[in-house]
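Subject: Structure handover

Hello,

Here is the structure we talked about. Please load it first, then read the notes below.

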Amino acid sequence: MGKAQASTVSHSVVEVRCVCVSCNGKWMSALESENIPIIGRLMENTATPLDAAQQTSLALWAVMKAMVLDAVNAKNRGRFFTREECEALHLHRKIPGKTVVQIGSYVRKGYNADGTIVWFDFPKAPKAAKASVSTFVVGHLVIQVVTVHHEPEHENDPVTGVEVRDGEWDKLLLRIWPTTTPPLAWPPPATFANSGSSSIATLQNRWRLGKDATV
């Protein structure tokens, strides 16, 4: 989580005070309930197809969690997601532009949330954009949400020249946002391990090749 120390808990429920009671008990709870059947199968690693509607619903839930994690980390680095992006998710079920959500399978059951912000350097344009990278482990389910914000002078530049750490990401991860058709087959061909190039730590750090954008 940037420069803040990570914390580990021995259970899967952690209370954070960063959303109002109304949001937590209404639309956020409704989105959570909507995804319980989907997440339940994925976190138990039960083979299942995911159609476009299920991919969208799970991506909305994942981005919601990324926004909550961003709010938790705001004390150390400021907020990444704008008020407009949060309201659009709430009111219109709209995922921020330039967002990619991918899911994978972990060999063990675990519970973890990791968030960081990194700068992206484009060819001949250093620090042209920064990205929020949020990684979650829920049982066997691994989720990573990446949202890019361009600096104003580079708003229309394509995201090119960005490097990630080596890994068999095309085998380890399935993209659920933007959605894909036909339905995705879960689980993916490869599984995340405890160590090595296919570890959860490598996934968390795969974008951390440049300067940390944490302030």
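A residue counts as exposed when its relative accessible area is over 50%, as buried when it is under 20%, and as partly exposed in between. Arg 83 has a relative accessible area of 64%, so it is exposed. Please keep in mind that this is a predicted model.

**Salt bridges**

The count comes to six salt bridges. Three of them are described here, starting with the one that involves Arg 83.

Arg 83 and Glu 87 join through their side chains, with 3.1 Å from N to O. Both residues belong to helix H4, which covers residues 83–92. They sit four residues apart, about one turn of the helix. Glu 87 has a relative accessible area of 35%, so it is partly exposed.

Glu 44 and Lys 109 form another salt bridge, and their closest N and O atoms are 3.0 Å apart. This pair links distant parts of the chain, 65 residues apart. Glu 44 is in the loop between helix H2 (27–43) and strand E1 (48–50), while Lys 109 is in strand E2. Are these two buried or partly exposed? Glu 44 is partly exposed at 41% relative accessible area. Lys 109 is partly exposed too, at 46%.

Arg 77 and Asp 70 also meet in a salt bridge, at 3.6 Å from N to O. Arg 77 has a relative accessible area of 10%, which is under 20%, so it counts as buried. Asp 70 comes out at 3%, so it is buried as well.

**Helix H3**

H3 runs over residues 52–77. Asp 51 caps its N-terminal end. A side-chain oxygen of Asp 51 lies 3.2 Å from the backbone nitrogen of Ala 53. Where does the helix bend? The bend is at Ala 71, by about 35°. Just after H3 comes Gly 78, with a positive phi of about 80°.

**Strands E2 and E3**

E2 spans residues 99–122 and pairs with E3 in the antiparallel sense. How many bridges join them? There are 19 bridges. Gln 102 stands opposite Gln 144, which is in E3. The hairpin of E2 and E3 has two residues between the strands. In that hairpin, Lys 124 takes a positive phi near 65°.

E3 covers residues 125–150. Of its 26 residues, 23 are buried, so the strand is largely enclosed by the rest of the structure.

Best regards

Terms used
Residues numbered from 1 in each chain as written. Predicted model: local features only at pLDDT ≥ 70, side-chain atom pairs only at ≥ 80, totals over all residues. Heavy atoms only, no water. Bend = angle between axes of the 7 residues up to and from the residue. Polar contact = N/O pair within 3.5 Å; in protein donor to acceptor, adjacent residues only side chain to side chain. Buried < 20%, exposed > 50% of the residue type's maximum accessible area, 1.4 Å probe, protein only. Pairing = 2+ DSSP bridges. Salt bridge = Lys/Arg side-chain N within 4 Å of Asp/Glu carboxyl O.
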